[in-house]
Amino acid sequence: MTFKKIIGGTFEMGNPDRDGYPQDLESPTAIITVPDFAIATTTISNADFAAFEKATGYVTDAEKYGWSAVFSQLVAAEDQAAGIPIPATPWWLVVQGADWRHPFGPHSTLAGLANHPVVHVSRNDAVAYCIWSNTRLPNEAEWEYAARGGKKGLKFPWGNTLTCGSTYMANTWQGNFPEQNTKQDGFLGTAPVEHFSPNAYGLYQMIGNVWEWCSNPGHRPLPRFTETSPLTDWGQNKEPGTHEYAVRGGSFLCHCSFCQRYRVDARNNITADSSASNIGFRVVADA
């Protein structure tokens, strides 16, 4: 892993334009002061996670449960018939045998994906990696501060439009979701962790590609952080469990027709033992 030291400071956290879903409580904004910290320039890759697994013999939640959620268009052909659609979101299939080693179903492998983000990792799995690597998950304030790259008032790390002219800056969905992805950005699923241009802090893909676990507890509605919220209370809990936690950044499935959570100030929440083909993580360390 490569880390960048981020010099702390005070910033406006949240969305002043009320672009998000009201239940996400991105508005009103809050003035937050973040201490110095160091953050990985990329999400944890399959190669990174393989080194962890080799050193520890760790078994992920998806491996324990025997299944994980896979985007339907990514499921290996041999495993399509065995996939069980999730009623509210039929583009997701519950696939027996899907896990970080078999991201598209039991007949798939990591061939050619060593430098892609590890997926099918729960927050519990991410915390285990952090303990092994002497790191931690970022709290939401650290994540958003880093994602903004020192810029103020922008929706994305680079500006207010999803592309810069005809150049795609992140891995999201193009076309009609979920039927057709034109892959104008080059990808149907995940992209390599160092693909696309980094932000002004040198951090790759702070939006798009995969959702990134944060340390903050999350529930409906997600708690809004205020000026008096102590950062030291966000993110020191490394205990495994099934509570809901915040995730940030959106994923390769985000599209304006149904999900605009790929903004730097957008947020979502997932139970700590959940896994899917668009959930990963990056880590931070105290400066």
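**Exercise 1. How many bridges join strand β2 to strand β3, and how do the two run?**

Before starting, note that this is a predicted model, where local features need pLDDT of at least 70, side-chain atom pairs count only at pLDDT 80 or more, and totals for chains, interfaces and linings use all residues. Residues are numbered from 1 along each chain as its sequence is written, and side-chain values use heavy atoms, with hydrogens and water left out.

Solution. Step one: find the strands (DSSP runs of E, at least two residues, numbered from the N terminus, as are helices, which are H or I runs of at least four). Step two: β2 covers residues 9-13 and β3 residues 30-34; five bridges join them, and they run antiparallel. Strands pair if DSSP finds at least two bridges between them. Step three: E12 has I31 as its bridge partner in β3. E12 lies with T10 on the uncovered face of β2, while G9, F11 and M13 form the covered one.

**Exercise 2. Work out why helix α3 is largely enclosed.**

Solution. Step one: count buried residues (under 20% relative accessible area; exposed is over 50%, partly exposed in between; 1.4 Å probe, protein chains only). Nine of the 11 residues in 123-133 are buried, so α3 is largely enclosed by the rest of the structure. Step two: look at the neighbours. The buried residues, among them Y129 and C130, pack against α1 (46-56), α2 (61-65), β12 (211-217) and β13 (244-248). Step three: check what follows the helix. Just after α3, N134 takes a positive phi of about 60°.

Methods: Contact = heavy atoms within 4.5 Å.
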